[in-house]
Amino acid sequence: MAFDAKWEDYQRMALRFAFSLKDMEPLAAAKEFVSFGRRYAQERDSLPQTDAERAFHLVAEATTLVDYQLPFATDEEAETIIPRAHRLLDEALTLDPRCYDAARMAVAANCPTFESYYDYLCEMEPEVRAYCEEARNAALLDVSGERAVEVANIALHPHLRWLAALASKALICGRNREALRFCKDALELDPADTADTRFTAALAYAKLEDEQGLDQLESRCRKLPHPYGTNDAWMLLSRLALAHKRRNLPLARQVLARIAELYPNAALTLARQKELPDGVFARLAMPPFSEDELIVAASEATVLTQEGRDSLGRGAFGSWLLQECLSIATREQLEEIREEIDLTALSSRREDDQGNKEGWR
Amino acid sequence: MNARAELIERVALRRREQLGPLSDGAYQELFNDVKGDVERFVETPAEEALLLVARALDRHEEARKDEDLMDDEAFFSSRAKRMSRLGRDCGAALAIDPTCFDAALLAVLAKDQDPDWILEPLLKLEQRAISTLAAGPLPADAWDDLTLRPLLRIKAAVARTCLDSARYRMAAEKAEEVMALAPTDALGMRHTCALALARLEDESAFDALDVRFSRQGSAWEHLARTILLYKLGRMGAARRALGGYARLCEGGAYALLKPVMVDTYLPDRPEAPALSFAEATLAVHEADPIVCDVPDFVAWAQNQRDCFFAAQDFARRNNYDW
């Protein structure tokens with residue numbers, strides 16, 4: 001699922017267009033609607049729209065720049081991307097001062113610490129909630145039929161994204177119970193969990209070593225109509241971390257094997273444990289069970305992998321995971337890992353361990 | 001661990017057993033004789049091994065003395081040398097008495113490996129120690145039985161190693177185990193437990209622990225409470241807890257804002273006067289993995305007036321860097 005800004009822009013425009021046809025004869029309206037796709041792509045300005053839709057469109061453009069281009073840009077490219085994105089967000093806020101996505105994204109870039117961004121999100125949350133709920137209620141009154149539900153749902157999206165951002169920042173700030181509170185809020189508002197806050201919740205339960213909480217989350221997720229079942233990368237990485245924490249290494253290896261079955265190139269991704277900048281609009285939308293999705297999940301799971309004292313600087317679980325990945329990697333993957341990661345510290349440690357075992361015999 | 005003091009007590013107790021019933025005064029005299037020259041009284045392999053451990057620890061402490069003035073490279077080379085020497089010395093003690101569990105514990109720790117790697121050998125050692133030392137009925141407080149102390153020290157090392165390898169539930173459980181075996185908690189497992197519970201954001205268990213030890217207060221407890229409240233987002237209460245920590249622990253604020261390296265505990269936490277700067281230094285060191293997990297915690301603490309000025313004042317009074 002995840003939030004796709006471009007798709008949401010399209011949906012918002014389509015709903016607005018449909019709303020403008022509401023007084024037409026059904027047949028004439030259907031005929032008119034046929035032209036929507038072409039006009040959306042080619043003559044956007046000819047379509048009916050309010051400043052809110054115009055602002056959201058700019059948000060979608062800024063999202064493409066910041067979330068999807070910036071992470072892969074050279075320093076030189078970044079120098080043009082960043083001011084462009086800022087201009088788009090500023091313009092969005094001029095058009096619609098209540099465009100909370102734009103506000104959040106603009107502030108995210110200017111906060112010097114995790115904590116200051118988190119404080120801002122906390123402080124503004126009631127205002128965003130009130131505004132979005134009002135917009136949803138208005139939609140349910142103004143629009144009729146099944147479209148009303150769609151409009152009402154979209155009206156809540158900025159608040160859901162706000163809560164998802166809060167949860168993920170709380171997790172990064174080491175406030176795991178707070179993270180769970182925001183996930184719970186989001187799940188109550190939107191039981192279908194469009195914002196995928198259950199992913200963040202899984203990591204928070206693992207941080208709190210709350211196996212029961214994780215079980216309950218899992219049974220709740222079972223009812224959701226999404227492709228994962230309970231086998232998403234976040235849930236599996238949380239189970240893996242818990243098994244490692246409990247020193248149930250056979251179980252940990254089983255879970256790792258399951259991840260490797262489900263996600264291509266898992267050995268490589270989990271050996272790297274690369275920390276990427278979080279999506280500023282929302283968690284990056286990646287195809288379920290794709291290599292990229294695991295990369296995103298592994299990046300978020302660095303709150304688990306990097307904990308504990310460890311001479312490799314990866315954290316206790318992170319170093320163990322790297323080691324395990326070496327044993328499940330294919331020859332090609334091993335070569336890639338060796339090229340990227342200095343394994344000398346790991347292998348010297350291994351020899352030590354060998355000595356250790358012999359000493360004990 | 002004061003190996004020499006334990007050796008003296010063990011030897012004196014064995015002598016008393018051999019001599020038959022003694023008055024308190026006579027035992028005191030015997031004790032003083034042993035204390036005057038314990039090596040002369042050492043007889044059994046267990047005592048000999050413990051004597052080697054005491055010597056090894058003395059030698060190790062001696063080797064550390066000159067390290068303060070060394071640069072990093074010289075320090076780490078000296079450290080590696082004294083650690084491997086300690087390992088060898090403990091090996092010699094084990095050759096005399098394979099059940100000298102203090103020597104075995106030190107030998108594991110002296111390998112100087114990451115916590116995730118030494119946990120397994122420590123757990124195995126714990127199992128061996130349980131089956132060797134704790135087969136019979138246990139006294140109400142295991143600390144009172146000198147022969148059980150090595151087991152308690154191993155368990156304490158397991159608890160700390162769990163904490164250091166990010167296994168907080170296990171750390172709290174193991175610490176609880178030690179406290180159940182030895183309720184006077186001479187090894188200060190309540191401190192390890194408090195840190196683990198703060199990291200797990202388990203406020204009710206944290207409070208229950210505090211009440212159980214009559215809210216005695218320590219650098220660990222004050223610091224852990226601050227971290228706990230900060231994590232729970234109760235910032236007013238967290239500020240007050242930080243203020244309490246800074247006020248009640250001599251140099252606590254300075255220890256938090258200017259952390260220093262603390263060497264591996266061999267085999268257990270060094271002694272420090274209650275609420276002293278030394279205690280705060282140990283508490284900050286032990287809390288480090290938990291503090292790192294709350295990335296803006298130290299910056300927040302530095303921005304609190306009470307804490308900042310307490311640290312600055314402490315540095316000025318003691319001529320420390322600021």
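How do H9(A) and H10(A) run relative to each other? Keep that in mind while we look around.

This is a predicted model, where local features need pLDDT of at least 70, side-chain atom pairs count only at pLDDT 80 or more, and totals for chains, interfaces and linings use all residues. Residues are numbered from 1 along each chain as its sequence is written, with chains lettered from A and ligands numbered from 1 in the order in which they are written.

**Select chain A.** You'll see 19 helices and zero strands (DSSP runs of H or I, at least four residues, for helices, and of E, at least two, for strands, numbered from the N terminus). Along the principal axes, its C-alpha atoms fill a box of roughly 85 × 45 × 40 Å. Colour by burial and 41% of the 361 residues count as buried (20 or more other C-beta atoms within 10 Å of a residue's own, with C-beta atoms placed from the backbone).

**Now pick residues 176-189 and 197-207 of chain A.** These are helices H9 and H10, packed at an angle of about 150° with axes 9 Å apart (axes are lines fitted to C-alpha atoms over the stretch in contact, and angles run from 0 to 180 degrees between N-to-C directions). The pair is therefore roughly antiparallel, the word for angles over 145 degrees.

**Show the side chains between them.** From H9(A), Leu180(A) and Cys183(A) are among the residues that meet H10(A), whose side includes Ala201(A) and Ala204(A) (contact: C-beta atoms, placed from the backbone, within 7 Å).

Key:
Buried ≥ 20, exposed ≤ 12 C-beta atoms within 10 Å, placed from the backbone. Parallel < 35°, antiparallel > 145°, perpendicular 65-115°, else oblique. Contact = placed C-beta atoms within 7 Å.
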